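I opened this notebook page to record what I looked up in one chain. My entries are kept in the order in which I took up each topic.

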Amino acid sequence: MEGAGYRVVFEKGGVYLHTSAKKHQDPDSLIAGVIRVVEKDNDVLLHWAPIEEAGDSSQIFFSKKDTSGGDSCTSEEEPTFDPGYEPDWAVISTVRPRPRHSEPKRGAEPSSPRGSWAFSVSLGELRSIRRSKPGLSWAYLVLVTQAGGSLPALHFHRGGTRALLRVLSRYLLLASSPQDSRLYLVFPHDSSALSSSFHHLQLFDQDSSNVVSRFLQDPYSTTFSSFSRVTNFFRGALQPHLEGTSPDLPPAPDDEPEPGFEVISCVELGPRPAVERAPPVTEEEWASHVGPEGRLQRVPELKARIFSGGLSPSLRREAWKFLLGYLSWEGSMEEHKAHVRKKTDEYFRMKLQWKSVSPEQERRNSLLHGYRSLIERDVSRTDRTNKFYEGPENPGLGLLNDILLTYCMYHFDLGYVQGMSDLLSPILYVTQNEVDAFWCFCGFMELVHGNFEESQETMKRQLGQLLLLLRVLDPPLCDFLDSQDSGSLCFCFRWLLIWFKREFPFPDVLRLWEVLWTGLPGPNLHLLVACAILDMERDTLMLSGFGSNEILKHINELTMKLSVEDVLTRAEALYRQLTACGELPHNVQEVLGLASPAEPQSPSPSASPLPLSPTRAPPAPLPPADTATATQPDSSLEILPEEEDDEEGVES
C-alpha cells in the first residue's frame, strides 16, 4: 500500500501488548494492535499501534521526532499524536494519525489511553531482536535499540513472527548470536557497519576491513577459504536465498503456524486448590503399620502420610532406611538383620581398598589422590555451624571423609564430585552410624547421580522440564525472565543439583528430603518445589524491575529465609492445579509422571501434545507397595555416640 512519500510493505494484525504482570492477563491488560513495516523518505520504520489508533494504513503519517525541543509545525488537518510521555523506547519516530471526523459516542473519553502505547522506530536504530522460546504461550519478539532500551514485547496471538523477521531481513542482516540462538543481532547492509560489527564480535582473525571487502565481492570463496570461524554465525547469510527470506529462518508460508509457538495454545488452568499439610507421622502411628514378623503393612498409606506430614525426628533413623532403599519395605525383621550383616561386610571390604593404599602408592595414583584432596577440602567446610559437625577434632568430619572415599570405591565411574558432601551430611546426622549412612547415601545417589555427571545432560534436562512447567503455570513470569536474559533459569541450578540443601535451614532440609523420597505425588516433585519458590517471589521479581544481575542476587538472598511447610503446601497445590487441567500437553504429563515417556527409538518428541481426558483421574505413581519391619535392626558398629534426634538441637 502506498501513499504520499511512503509505502506499507508489511502489515499484521493480532499483535498484542501484555501490560500487566499478573499471572492471568485480564482483557483490559491485553492491547490488540497492528504491526507495520513502512518505507518512507529513504528510511524504513517499524510501527505498532493499537486497533483503535491503527485505522486504515493510508491514513497514517510518519514524521521524524523533533529534537530541537520546540513544537513541531503541523497543519490543522494533521495534528500530532502525543502519547503524553517520553518513554525510553520512543527514540526515533512518533505516529500522527489523521483524525476521524465523527461524532464522539456518549460517555466516551476524548482520547483512548491505549493510544499512549503506540510506537514507531527506525530499523537503523535496532541493535538486536530476541525471539521467545518454543513453549506453551504465544510467540513474542523483544526489540532492543542501539540506546540499550527495550521496546514493549510484541505478542503474536495469530502467528507472524517469522513473516515479520523475513521482511526485516530485506533491510537488515539478522545473525544468530553464537551464545544464544534465540537472539538475532541486527546489522545494516553496509560495509563499514559490517566491518565494525565483525571487529566487535571478533569473528575473524584478519583485518576486518579487508574481510568485509572480500566478503561483499565474493562471499563463497572468502567463506570457504579463510573464514572458518564465521561458519556458525553467518552460514545462512553466505548462501543464496529468495528475496525477502531471512538467512537464519527456514522459509515458510505467511499463514503457516509456527511450530512450538502457536501450535500449542495457552493452557487454561483452573483455580488453584487449597492444600493443608498434616502433622508428622508419630512412633505410635508407625507402629500401627507393623505386622507379623516385623513386616510393614499398608505401605502406600504410610508413604502418603509421610508425604503429607513428614516424620517425627525420633522416627527418621529407622524410616529413612526404607525411604532410601537400604531396607526393603516387604522384608521381615530377620531378613533385615541378615541384609545389614551382609552390607556391613561389603562396606568394610570397600573401605579397606583405599585404606590399604600406602602413601607411596597414592603418589602414583593421581585419581585417588585427587579425590582425597577434594573430599578433605569439602568436608572441612560442610555444615560446620551445625553442632553435630562443629569443632576442629569432630569425629563426624572423619566419618564424612571415610564414607565419601569409600563411595569412590563403590562407584568408580562417578567418583566424588563437589556437592556430594552436602547430600551425605544430613544422612549421617540422622543415622549416626557409618555403615547405615553409607548405604542410605548410595540410595540417595541412585536418585541424583545424574546431577553430578560431567556431561551435565541430566541437569540440562531438569532445567528444561522446570521451564516447561513454569511456562504452563505462569507464562507472564517466563516472558519477564526471557526479557531479562534469565529465561534459562540457570539461577535454579544449585536448587536442583543438591535438592535445596543450602536454601533451607537444616531441620527443614530433613523434612523436605523425606517428603521428596516418598516419590509422591509424582517423580519430579522437586521441580514443583522450585516452581513454588518462584511463584512466591514472582511479584517481587516482576514489579521491582529487576535485571538479570538483580534476579540472581535476589534468588541467592533467599537462602535460609524460606519456610519448608509453605513451599511444600504451594508445590502440592501447583500439582493439583496442573493435574486438574483436562488438556494438559503430553510432555507436561510426562514430567508429572502422568504419561509414559516417548519411545526411545523416536528421534524427536511428538509434535502434537496429547490432551488428557477430562474424566481421567490423574494417577499418582507410587514406588512398589511393600512391607518391612518397624523395629530397629542390629546395625554395624555404632561408631558415633547416641544423641537425641531432636530438631531443636540442630543449628541451621
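**Entry 1. Basis**

I am working from a predicted model, in which local features need pLDDT of at least 70 and side-chain atom pairs count only at pLDDT 80 or more, while totals for chains, interfaces and linings use all residues. Residues are numbered from 1 along each chain as its sequence is written, and side-chain values use heavy atoms, with hydrogens and water left out.

**Entry 2. Whole chain**

I looked up the secondary structure and found 23 helices and 12 strands. Helices (H or I, at least four residues) and strands (E, at least two) are DSSP runs, numbered from the N terminus. Of the 652 residues in the chain, 52% are buried. Buried means under 20% relative accessible area, exposed over 50% and partly exposed in between, with a 1.4 Å probe and protein chains only. I then turned to contacts, meaning heavy atoms within 4.5 Å. Among those between residues at least 6 apart in sequence, 70% join residues at least 24 apart.

Strand β2 (residues 6-18) is antiparallel to β3, with 10 bridges, and Tyr 6 stands opposite Lys 40 in β3. Strand β3 (residues 30-40) has 10 of its 11 residues buried, so it is largely enclosed by the rest of the structure.

β3 also pairs with β4, again in the antiparallel sense, over 8 bridges. Here Glu 39 is opposite Val 44 in β4. The hairpin of β3 and β4 has 2 residues between the strands, and Asp 41 takes a positive phi near 50 degrees in this hairpin.

Strand β4 (residues 43-50) is joined to β7 by 4 bridges, and the two run antiparallel. His 47 has Ser 120 in β7 as its bridge partner. Which residues of β7 (residues 119-122) are buried on each side? I noted Phe 119 and Val 121 on one side, and Ser 120 and Ser 122 on the other; both faces are covered.

**Entry 3. His 155**

I located His 155 in strand β10 (residues 154-156). His 155 is buried, with a relative accessible area of 4%. Leaving out residues up to four places away in sequence, I list its contacts as Gly 14, Val 15, Tyr 16, His 18, Ala 139, Tyr 140 and Asp 479.

**Entry 4. Helices α10 and α13**

Axes here are lines fitted to C-alpha atoms, for helices over the stretch in contact, and angles run from 0 to 180 degrees between N-to-C directions. Helix α10 (residues 333-355) packs against helix α13 (residues 395-410) at about 95 degrees, with axes 9 Å apart. The pair is therefore roughly perpendicular; angles of 65 to 115 degrees count as such, under 35 as roughly parallel, over 145 as roughly antiparallel and the rest as oblique. On the α10 side I found residues including Tyr 347, Met 350 and Trp 354, which meet a set in α13 that includes Ile 403, Leu 405 and Met 409.

**Entry 5. Helices α16 and α20**

Helix α16 (residues 457-473) and helix α20 (residues 525-543) pack at an angle of about 50 degrees, their axes 10 Å apart. That angle makes α16 oblique to α20. From α16, residues including Leu 466, Leu 469 and Leu 470 meet residues of α20, among them Leu 527, Ala 530 and Leu 534.

How values were computed: Pairing = 2+ DSSP bridges.
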